[in-house]
Amino acid sequence: MEAVLKMATPWLILILEALVLLVVALLHVAYTTYAERKIIGHMQQRLGPNRVGPRGLLQPIADVVKLVAKEDIVPSGADKSLFYLAPFISLVAGATSLAVIPVWEKFALANVNVGLLVILAMSSLSSYGIILSGWASNSRYAFLGGLRASAQVISYEVAMALSLVGVMLMAGSMNLSEIVKAQVASPFKIYAIPQIIGFFVFMVSAIAETNRTPFDLPEAESELVAGYFVEYSGIRFGLFYLAEYFGMVVMSALAVTCFLGGWAGPFEIPGIPFFWFLVKLYALIFFYIWVRATLPRYRYDQLMGLGWKILIPLALLNIVITGLIKVLV
Amino acid sequence: MEKVLFGYLALAILLSALFAIFSRNVVRSVLWLLVLFLHQSVLFLTLQAEFLAAIQIIVYAGAVLVLFLFVVYLINLREEIRLPKFLGSYPLAFIAVLSMLILAVAGLVGFVPAKTVGSLSPGAILKVGHTQILGEHLFREHILAFEIAGVLLLVAVLGAVVLVRRLREGEL
């Protein structure tokens with residue numbers, strides 16, 4: 001009995017850590033929706049949600065309760081099993097990426113040697129949720145949204161991966177903790193300064209990768225009603241929403257880790273080792289929301305043109321420059 | 001423990017390959033292929049080949065299969081059409097497959113693991129890391145083969161562009 005307990009203990013701790021991370025991330029996601037409504041409200045001279053709880057703070061919880069209580073409708077011509085599966089693929093792929101992100105020096109759920117590649121792999125898998133939901137709904141709007149999304153995600157994935165190559169070159173590693181340590185040891189402390197082109201390309205393609213305004217063409221409500229999840233209702237619709245915000249949090253966390261120095265800050269805050277990580281994360285999430293409130297939606301051919309003719313060549317140029325500097329210095 | 005894992009992975013890979021071949025719906029075929037690729041990448045992980053595992057998902061599951069899905073969506077699918085299960089020449093095909101199987105078994109019987117070449121020993125891979133050792137060998141020793149593969153791919157891309165480009169008036 002004792003031997004079994006001894007063997008099982010590391011697994012139990014791992015599961016516990018994963019649960020804590022997931023719950024904290026879910027809370028962040030829920031309150032990101034609240035922050036988004038509140039911030040955009042103030043940017044548009046409105047108040048935003050303010051009825052449920054003090055200053056509307058309980059609004060996300062009320063939303064979840066409403067979504068769970070709603071009727072779950074499946075269209076009659078839909079491919080049922082795929083229709084049920086699709087939102088979970090989106091969500092799981094987004095949540096799995098969180099496991100390799102180092103929140104502080106001693107807390108990365110899985111310290112994988114190819115952490116950066118794991119995140120890229122997961123973000124490429126999350127496109128399946130969108131494509132399948134579009135197809136399985138058996139609806140024209142959803143199908144068009146799914147097709148648009150798959151083309152967009154594939155194109156911008158290339159730009160995103162290429163923009164991270166500069167970081168890999170400078171750090172000499174694909175382990176995210178090693179990347180942060182290499183950044184702290186570098187003369188600028190953060191890679192956003194020497195890798196400014198890469199940072200720019202990454203931020204733009206991260207917005208496109210998570211299908212947010214100004215690149216939210218897969219769900220452009222003025223043309224496609226709501227795009228790929230138009231046939232979803234109740235909590236399944238909520239899962240797609242959750243996946244989108246999960247993607248936003250993961251992309252922001254990745255940008256913090258790869259370009260903004262991760263958990264390192266100008267001075268140590270005693271007791272809260274992940275303080276600077278969170279500050280940077282919130283700043284980037286605010287940036288995402290700010291962009292949504294500011295910019296109108298792109299046209300589809302403009303979006304493709306931007307990806308293939310501007311961002312990918314820029315990312316390639318960045319790799320060449322970084323390589324040259326690395327060889328010369 | 002490792003043997004159980006390998007057994008599960010082998011079984012899952014074989015079964016999902018069979019499902020991919022036999023399912024009537026092409027979209028489902030592609031999805032079974034996705035299941036196959038995921039299991040394959042876990043198989044790579046059990047062999048400490050983490051780089052290959054990640055590349056397997058990024059390239060095959062993330063790019064190639066999505067393009068397959070795209071093509072499947074764009075052609076007009078009719079599930080009602082039922083083709084005959086066997087072609088007229090199926091005894092010949094059966095014999096061909098059987099002889100291939102015999103060849104494969106004969107090859108497996110005389111299987112000898114290759115000796116380690118240069119610094120590519122399992123110990124070194126565990127110590128230095130699979131990605132690093134792969135990169136060093138790829139870009140130092142096998143640079144010629146790497147460049148040739150690159151040129152071939154470039155030719156294929158250019159060929160595709162030439163084949164599908166729109167001809168302007170008077171060019172024909």
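This is a predicted model: local features need pLDDT of at least 70, side-chain atom pairs count only at pLDDT 80 or more; totals for chains, interfaces and linings use all residues.
Local features are kept at pLDDT of at least 70 and side-chain atom pairs at pLDDT 80 or more, while totals for chains, interfaces and linings take in all residues. Residues count from 1 along each chain as written, chains are lettered from A in written order, and side-chain values use heavy atoms, with hydrogens and water left out.

**View 1. Where chain A meets chain B.** Here 21 residues of chain A touch 21 residues of chain B (contact: heavy atoms within 4.5 Å). The two chains bury about 1,900 Å² between them, 78% of it on carbon and sulfur atoms (accessible area, 1.4 Å probe, lost on being put together and summed over both parts). A:Tyr128, A:Trp135 and A:Ile154 supply 28% of what chain A buries against chain B, more than any other three residues.

**View 2. Polar pairs across the interface.** Salt bridges between chain A and chain B come to zero (Lys or Arg side-chain nitrogen within 4 Å of an Asp or Glu carboxyl oxygen). Two residue pairs are in polar contact across the interface, both at pLDDT 80 or more (N or O atoms within 3.5 Å, one able to donate a hydrogen and the other to accept it; residues adjacent in sequence count only if both atoms are side-chain atoms).

**View 3. Two annotated stretches of chain B.** An unreviewed UniProt entry places "transmembrane region" at residues including 87-112 and 143-164 of chain B; such annotations may be inferred rather than shown by experiment. Residues 87-112 of chain B are 77% helix, with end C-alpha atoms 39 Å apart (helices are DSSP runs, H or I, of at least four residues). Residues 143-164 of chain B are 100% helix, their end C-alpha atoms 32 Å apart.

Note on methods: Helices (H or I, at least four residues) and strands (E, at least two) are DSSP runs, numbered from the N terminus.
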